[in-house]
Amino acid sequence: MSSERVNRVAEAIRQEVARILQLELKDPRIGFVTITHVRLTADLQHATVYFSLLEGHGDPKGTEAGLKSAQGYIRKLVGERLRLRLTPEIRFRADPSVAENIRFGKLLSDLVNKPEEPHA
């Protein structure tokens, strides 16, 4: 299967899952979630959906548990809306790269804003 098709389907799944989380799920464990990207196997059987949380808004473990409990419902809705022959099995994972980028940005900002020390 072409990688272009895999990428298109992965992006469609990302958009649909984001829409479902924003408008249809009412689980209090799922807060301000952003779907960062989707990794889809070449045979379109398994999709790993990566998410990040707005800093200070929720617990990644609790959010992951809420998403895991809703993954069957989310898969059903994605299958209905995208009309794929086989709907991929969906797994959710916290995306650590977003938190690392924020931390790295703060470190750089601290370095830039640090007052210069006089040289002896």
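**Core, helix packing and salt bridges in a predicted model**

Val-17, Leu-21, Leu-40, Ile-74 and Phe-92 touch the most other members of the largest nonpolar core, which has 25 residues. A nonpolar core is here a set of buried Ala, Val, Leu, Ile, Met, Phe, Trp, Tyr and Cys residues joined through side-chain atoms within 4.5 Å; buried means under 20% relative accessible area, exposed over 50%, and partly exposed in between (1.4 Å probe, protein chains only). At least two residues of this core come from each of α1, β1 (33-40), β2 (46-53), α2 and β3. Helix α1 gives the most, with seven residues. Helices (H or I, at least four residues) and strands (E, at least two) are DSSP runs, numbered from the N terminus. In soluble globular proteins, nonpolar side chains tend to be buried together.

The structure is a predicted model, in which local features need pLDDT of at least 70 and side-chain atom pairs count only at pLDDT 80 or more, whereas totals for chains, interfaces and linings use all residues. Residues are numbered from 1 along each chain as its sequence is written, and side-chain values use heavy atoms, with hydrogens and water left out.

Thr-63, in helix α2 (residues 60-82), is buried, with a relative accessible area of 0%. Apart from residues up to four places away in sequence, Thr-63 touches Arg-29, Ile-30, Gly-31, Val-33, Phe-51 and Leu-53.

The axes of α1 and α2 come within 10 Å and cross at roughly 120 degrees. Axes are lines fitted to C-alpha atoms, for helices over the stretch in contact, and angles run from 0 to 180 degrees between N-to-C directions. The two helices α1 and α2 are therefore oblique to each other; angles under 35 degrees count as roughly parallel, over 145 as roughly antiparallel, 65 to 115 as roughly perpendicular and the rest as oblique. The crossing of α1 past α2 is right-handed, a crossing being left-handed if the near helix is turned anticlockwise from the far one by less than a right angle, and right-handed if clockwise. On the α1 side, the contact is made by Ala-12, Ile-13, Glu-16, Val-17, Ile-20 and Leu-21. The α2 side contributes Leu-67, Ile-74, Leu-77, Val-78, Arg-81 and Leu-82. Ala-12 of helix α1 is partly exposed, at 24% relative accessibility. The C-alpha atoms of Ala-12 and Val-78 are separated by 9.2 Å, although the two residues are 66 residues apart along the chain.

Side chains of opposite charge can pair when their charged atoms come close. With a salt bridge taken as a side-chain nitrogen of Lys or Arg within 4 Å of a carboxyl oxygen of Asp or Glu, the count comes to nine salt bridges. One of them joins the side chains of Glu-16 and Arg-81 (2.9 Å, N to O). Glu-16 lies in helix α1 (residues 3-23) and Arg-81 in helix α2, so this pair ties together parts that are 65 residues apart in sequence. Glu-16 is buried, with a relative accessible area of 8%, whereas Arg-81 is partly exposed at 33%. Salt bridges also link Glu-16, Arg-19, Glu-24 and Arg-81 in a network.

Two further pairs connect strand β3 and helix α2. Arg-93 forms a salt bridge with Glu-64, with 3.9 Å between the closest N and O atoms. Arg-93 lies in strand β3 (residues 89-94) and Glu-64 in helix α2, so parts 29 residues apart in sequence are tied together. Arg-93 is partly exposed at 36% relative accessibility, as is Glu-64 at 22%. In the other pair, the closest N and O atoms of Glu-89 and Arg-75 are 3.0 Å apart; Glu-89 is in strand β3 and Arg-75 in helix α2, 14 residues apart. Glu-89 is partly exposed at 35% relative accessibility, and Arg-75 is partly exposed at 29%.

Most residues other than glycine have a negative phi, and most peptide bonds are trans. Leu-44 has a positive phi, near 60 degrees, and is placed in the loop between β1 and β2. Leu-44 is buried, with a relative accessible area of 10%. Arg-83 also has a positive phi, near 50 degrees. Arg-83 lies in the loop between α2 and β3 and is exposed, at 72% relative accessibility.

Notes
Contact = heavy atoms within 4.5 Å.
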